[in-house]
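Subject: Structure for you to look at

Hello,

Here is the structure for you to open and follow along with. My notes on what was found in it come after it.

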Amino acid sequence: MQVYADNAATTQMSKTAIAAMIPYFDKIYGNPSSLHSVGQEAKEALEAARSKVAACLGCQPREIYFTSGGSEADNQAIRSAAYNGARKGRKHIISTAFEHHAVLHTLQRLEKEGFEVTYLDVRHNHNITAQQVRDALREDTCLVTCMYANNEIGSILPIAEIGKICREAGVVFHTDAVQAVGHIAIDVARENIDMLSLSAHKFHGPKGVGALYVRRGIPLTNLIDGGAQERGKRAGTENIPGICGMAAALEEACAHIPENAEKVAKMRDKLIAGLSQIPHSALNGDPVHRLPGNVSFCFEGIEGESLLLLLDAKGVCASSGSACTSGSLDPSHVLLAIGRVHDVAHGSLRLSLSEYNTMEEIDHILQAVPEVVAYLRGMSPVWRDLQTGKRQYIL
Ligand SMILES: *Cc1c(COP(=O)(O)O)cnc(C)c1O
């Protein structure tokens with residue numbers, strides 16, 4: 001049995017999304033900027049896709065800018081808000097310690113450019129509170145950027161509360177909602193979100209395409225200069241097949257959020273209950289406010305990398321931390337941020353589910369993980385030291 005449990009890294013495309021793309025490869029292959037009919041048909045598809053994405057977020061089509069994915073959307077949103085602030089002498093930004101690298105590395109670059117960033121502590125409940133945001137606000141704060149839900153540990157942040165605080169304070173609020181869009185119902189107006197990043201391949205759409213929602217009136221800074229596409233804010237011939245695939249995937253996902261979330265959360269809760277039985281283990285992430293598909297654990301006395309390889313041999317595709325950090329020996333910044341010490345953070349496992357998974361697959365995972373953990377602990381000198389009392393258990 002082959003079980004794909006790495007949906008936070010990327011998802012299988014939906015049949016609907018694939019079907020929605022095909023015509024734009026072979027029949028309606030025009031450039032939307034062309035004035036002839038083949039181009040104009042592509043232009044119509046582009047604007048229809050924009051309307052669909054806007055409808056799923058509760059905004060106007062003209063507030064949607066298509067990008068090459070979540071990373072680009074994050075970069076453009078954060079840079080735009082920062083430079084808008086700098087023009088008014090406001091160079092302070094609030095974020096969290098467990099953002100995706102697309103956000104963190106953009107912020108680090110801005111710090112080199114003279115901006116000051118407050119990274120909110122995420123140790124309590126592996127989450128932040130809206131009060132932390134309120135307390136961090138300053139006269140010169142120009143941007144609050146907090147992810148909607150964490151990609152490694154699944155915590156869902158109090159976005160509507162943060163949005164309300166930011167709106168009252170007159171500070172722009174951006175959220176990296178890449179893990180939430182298509183999985184949780186989002187309404188940017190009701191939640192007072194000014195900018196939001198999303199990525200198609202996290203909700204059964206194609207890779208290499210995403211979108212940035214920007215509330216009307218907030219000026220955008222270009223990352224890519226050139227033609228006048230995307231109202232002059234993002235140059236380059238539009239990825240029409242990708243954009244149409246994304247819109248179809250999003251429309252499909254948004255139409256089924258309650259039932260998909262219920263199905264996926266049932267599988268998640270069974271996994272969490274089962275894996276909690278493993279001694280000296282701990283659940284990572286907010287136990288209550290949690291993505292329906294996220295299961296994240298640390299197991300003391302093992303190495304995450306070996307765990308993944310052995311699980312793969314048993315047909316389970318999982319992840320430890322994020323794909324961006326795998327292959328490097330540094331433990332995940334997210335696990336360190338929630339207070340896991342290095343040794344414990346190294347023994348992490350993320351299983352991320354989608355509605356394509358089944359209960360039979362969950363049973364298979366629940367068979368495989370305890371076996372592999374026990375096997376690795378049996379060979380681990382660290383585990384022997386823990387058992388003989390030469391070392392103290394942390395979990
Ligand atoms: C995947 C992901 C991104 C990056 O999106 P890409 O489309 O792969 O660039 C950004 N933020 C979060 C939270 C993600 O999970």
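The charged end of arginine 377 sits over the ring of tryptophan 383, 4.1 Å from the ring centre. A charge counts as over a ring if NZ of Lys or CZ of Arg is within 6 Å of the ring centre and within 35 degrees of the ring normal.

Some background before the rest. The model is predicted, so local features need pLDDT of at least 70 and side-chain atom pairs count only at pLDDT 80 or more, while totals for chains, interfaces and linings use all residues. Residues are numbered from 1 along each chain as its sequence is written, and side-chain values use heavy atoms, with hydrogens and water left out.

Aromatic pairs

Tryptophan 383 also takes part in an aromatic pair. A search of the whole structure finds 3 such pairs; rings of Phe, Tyr and Trp (its six-membered ring) pair if their centres lie within 6.5 Å, and planes under 30 degrees apart count as stacked, over 60 as edge-to-face and the rest as tilted.

One of them joins tyrosine 83 and phenylalanine 115; it is tilted, with 6.2 Å centre to centre and 50° between the planes. Tyrosine 83 lies in helix H4 (residues 70–86) and phenylalanine 115 in the loop between helix H5 (101–112) and strand E4 (116–120), so the pair ties together parts 32 residues apart in sequence. Helices (H or I, at least four residues) and strands (E, at least two) are DSSP runs, numbered from the N terminus. Phenylalanine 115 is buried at 7% relative accessibility, whereas tyrosine 83 is partly exposed at 22%. Buried means under 20% relative accessible area, exposed over 50%, and partly exposed in between (1.4 Å probe, protein chains only). The charged end of lysine 91 sits over the ring of phenylalanine 115, 4.9 Å from its centre.

Tryptophan 383 and tyrosine 393 form an edge-to-face pair, 5.8 Å centre to centre and with 65° between the planes. Tryptophan 383 is in helix H14 (residues 381–388) and tyrosine 393 in the segment after H14, so the parts tied together are 10 residues apart in sequence. Tryptophan 383 is buried, at 10%; tyrosine 393 is partly exposed, at 31%.

The open sheet

In what order do the 7 strands of the open sheet stand? The order is E2-E8-E7-E6-E5-E3-E4, with mixed pairing; two strands pair if DSSP finds at least two bridges between them. E2 and E4 are at the edges with a single partner strand each, so one side of each has no neighbour in the sheet. From one strand to the next, the twist averages 20°. Strand E3 (residues 92–96) runs parallel to E4, joined by 5 bridges, and isoleucine 93 has valine 117 in E4 as its bridge partner.

Strand E10

Strand E10 (residues 294–299) is mostly covered, with 6 of its 6 residues buried. Asn294, Ser296 and Cys298 are on one side, and Val295, Phe297 and Phe299 on the other. E10 pairs in the antiparallel sense with strand E9 (residues 281–283) over 3 bridges, and with strand E12 (residues 348–352) over 5 bridges. Leucine 283 stands opposite phenylalanine 297, while asparagine 294 has serine 352 in E12 as its bridge partner.

Regards

How values were computed:
Axes fitted to C-alpha atoms, helices over the stretch in contact; angles between N-to-C directions.
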